[in-house]
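This briefing goes through side-chain ring contacts, helix packing and backbone geometry, in that order. Please read it alongside the sequence and the structure shown here.

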Amino acid sequence: MKVAFVSSEVVPFSKTGGMADVSAALPKALKTLDVEVKVFTPKYGKFLDKNLKLKIIKNFPSTEILINGNTKNVKYFSSTLPHSNVEVILIENEFYFGRDNIYTTDPDEGERFIFFQKAVLEFLKQTDWIPDLIHLNDWQTALIPYYIKEKYPVFRSSASLLTLHNVAYQGIFPPDILPVADVDEKLFFPTGPAEYYGNFNFLKMGIFFSDVINTVSPTYAKEILTEEFGAGLEGILNERKNDLVGILNGVDYKEWDPASDPLIFENYNSTSLELKTENKIGLCKEIKMRYRKTFPLVGFISRLTEQKGIDLLIEILPELLKLKACFVILGAGEKKYEEQLLEFGKRYSSKLKVIIGYDNTLAHKIEAGADIFLMPSRFEPCGLNQIYSLKYGTAPVVRATGGLRDTVIPYNGNDSNSLRNADGFAFDDYSATQFLKTVQFAVSTYKQKGVWKKLQLNGMSRDFSWDVSAAKYKELYEKAIRQKREV
Ligand code: ADP
């Protein structure tokens, strides 16, 4: 089975969020299941680690991509995903991908990813590598199902799968993008596949034209059918619900396992949990916070956007800081959140450290050094940090939504049955009161050493490796290919 895996971010070439991790780990796991997979992603000049080896691919009949009647040049580079022989094709155009950010608010943002998608299809066509299935990820790739059905007859037998990592990001642009996208005007009418409240919507096109669709957790697949979570696409998603499934993301334990993680102070596993303390001491020293033996250290690592529940966190911080606990927050994103958090950090510096920025090494140290991890998300398609936390014996406190609901087994404190499998804490409503109560409960449970250790061990024993999820993707590929060939 030949699969082209197309994504606008792939670790270690680029990353803004969890999709980049998925786009590296899943293709590697698929390869071990005998799927012949090639990964396609833009080459963002400013973000590329100089140590990565890239080779230019030569001898294309044409390196010109036609955008709205103008030709734009493309260069293709080849590399592999680390520790694997999975080939990655990087698409270069300095004008489109040499910018200061991976995603921009520039007026040609849509055009950048139209170019990307066309360049992928040109590569496949010109190298005569016709995939059985093209796997797309989010809006930046969501026009390909339309292109392969309507614009490139050479792909008429290729099936398509669109993975929705987050339906809140849809790629919405004014209708004058239609000729740039080479989309037929006939599709642009109220309730039509290309129209969304007077604008053009990449993701809606993808949902309409792809053969199968999935989200990154089973709960999120159900949630997006409702007004609360569908971000305006619940109508079309309901029309496609028979072709919509949820497959939980796996995580890459080569990167995220306290037993082997080279980025933390001291490695540990479930039989040497006491060494976790060394990580707490090391982290406190590094972030210049007094180490307090009996206080749990509570961690939070996130993009600072509304989705992640920062407003709830900020609302309850004054109450949280009355607890016998210390807090470390690592995040970057919206300015207003960064400023509010920094202000709290200054005011309560003995018990709260706020670090603004993106720092992968520090993220690992926080996972290893913290006792409790907070994820009060408004919505969460899957979420990775709670899964890492389980592995690091760092009990997650989550809002029971999307992938958070599917991965954390909450402790209720009332019966011994609950402790048998529980590995974290959860609250249902998006409410500051419920969040506060749940953190207070977690902090008081921390004092019960036996109970706490059981929660940690339960979490550490759970397995969210990619093997299981990759097998589910392979099944879904087979289903999509069968479906396509029956038509
Ligand atoms: P999302 O993709 O919505 O941002 P996920 O939980 O799926 O959320 O994935 C987030 C990933 O990005 C995790 O690997 C997390 O550790 C990392 N991350 C997020 N913010 C930061 C940050 N400020 N510094 C370091 N890593 C971060």
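How many aromatic pairs does a search of the whole structure find? In this predicted model, the search finds 32 aromatic pairs. The points below take up some of these pairs, and then turn to charges over rings, to helix packing and to backbone geometry.

**Aromatic pairs**

- Trp139 and Phe202 form an edge-to-face pair, with 5.0 Å from centre to centre and 80° between the planes.
- Trp139 belongs to the loop between strand 8 (133-137) and helix 4 (144-150), while Phe202 belongs to helix 6 (residues 202-209), so that distant parts of the chain, 63 residues apart, are linked by this pair.
- Trp139 is buried because its relative accessible area is 8%, and Phe202, at 0% relative accessibility, also counts as buried, the cut-off for buried being under 20%.
- Trp139 and Phe202 also belong to a cluster linked by ring pairs, which includes Tyr44, Phe95, Tyr96, Phe97, Tyr103, Phe113, Phe115, Phe173 and Phe200.

**Charges over rings**

- The charged end of Lys118 sits over the ring of Tyr147, at 5.7 Å from the ring centre.
- In a second case, the charged end of Lys391 sits over the ring of Tyr253, at 4.7 Å from the ring centre.

**Packing around helix 11**

- Helix 11 (residues 310-320) and helix 17 (residues 432-445) have axes that come within 9 Å and cross at roughly 50°, and the two helices are therefore oblique to each other.
- The crossing of helix 11 with helix 17 is right-handed, and the contact brings Leu312, Leu313, Glu315, Ile316, Glu319 and Leu320 of helix 11 together with Ala432, Phe435, Leu436 and Val439 of helix 17.
- Helix 11 also packs with helix 12 (residues 335-347), at an angle of about 20° and with the axes 11 Å apart, which makes helix 11 roughly parallel to helix 12.
- The crossing of helix 11 and helix 12 is left-handed, and its contact involves Ile310, Asp311, Ile314, Leu317 and Pro318 from helix 11 and Tyr337, Gln340, Leu341 and Phe344 from helix 12.

**Backbone geometry in loops**

- The peptide bond from Val11 to Pro12 is cis, with omega near 5°, and Pro12 lies in the loop between strand 1 (2-6) and helix 1 (18-32).
- His83 is not a glycine, yet has a positive phi of about 55°; its place is in the loop between strand 6 and strand 7 (87-92).
- With a relative accessible area of 69%, His83 is exposed, since the cut-off for exposed is over 50%.
- Asp182, likewise not a glycine, has a positive phi of about 60°, and lies in the loop between helix 5 (178-181) and strand 11 (195-196).
- Asp182 counts as partly exposed, because its relative accessibility is 31%.

Notes. Residues are numbered from 1 along each chain as its sequence is written. This is a predicted model: local features need pLDDT of at least 70, side-chain atom pairs count only at pLDDT 80 or more; totals for chains, interfaces and linings use all residues. Side-chain values use heavy atoms; hydrogens and water are left out. Rings of Phe, Tyr and Trp (its six-membered ring) pair if their centres lie within 6.5 Å; planes under 30 degrees apart count as stacked, over 60 as edge-to-face and the rest as tilted. Helices (H or I, at least four residues) and strands (E, at least two) are DSSP runs, numbered from the N terminus. Buried means under 20% relative accessible area, exposed over 50%, partly exposed in between (1.4 Å probe, protein chains only). A charge sits over a ring if NZ of Lys or CZ of Arg is within 6 Å of the ring centre and within 35 degrees of the ring normal. Axes are lines fitted to C-alpha atoms, for helices over the stretch in contact, and angles run from 0 to 180 degrees between N-to-C directions. Angles under 35 degrees count as roughly parallel, over 145 as roughly antiparallel, 65 to 115 as roughly perpendicular and the rest as oblique. A crossing is left-handed if the near helix is turned anticlockwise from the far one by less than a right angle, and right-handed if clockwise. Contact means heavy atoms within 4.5 Å.
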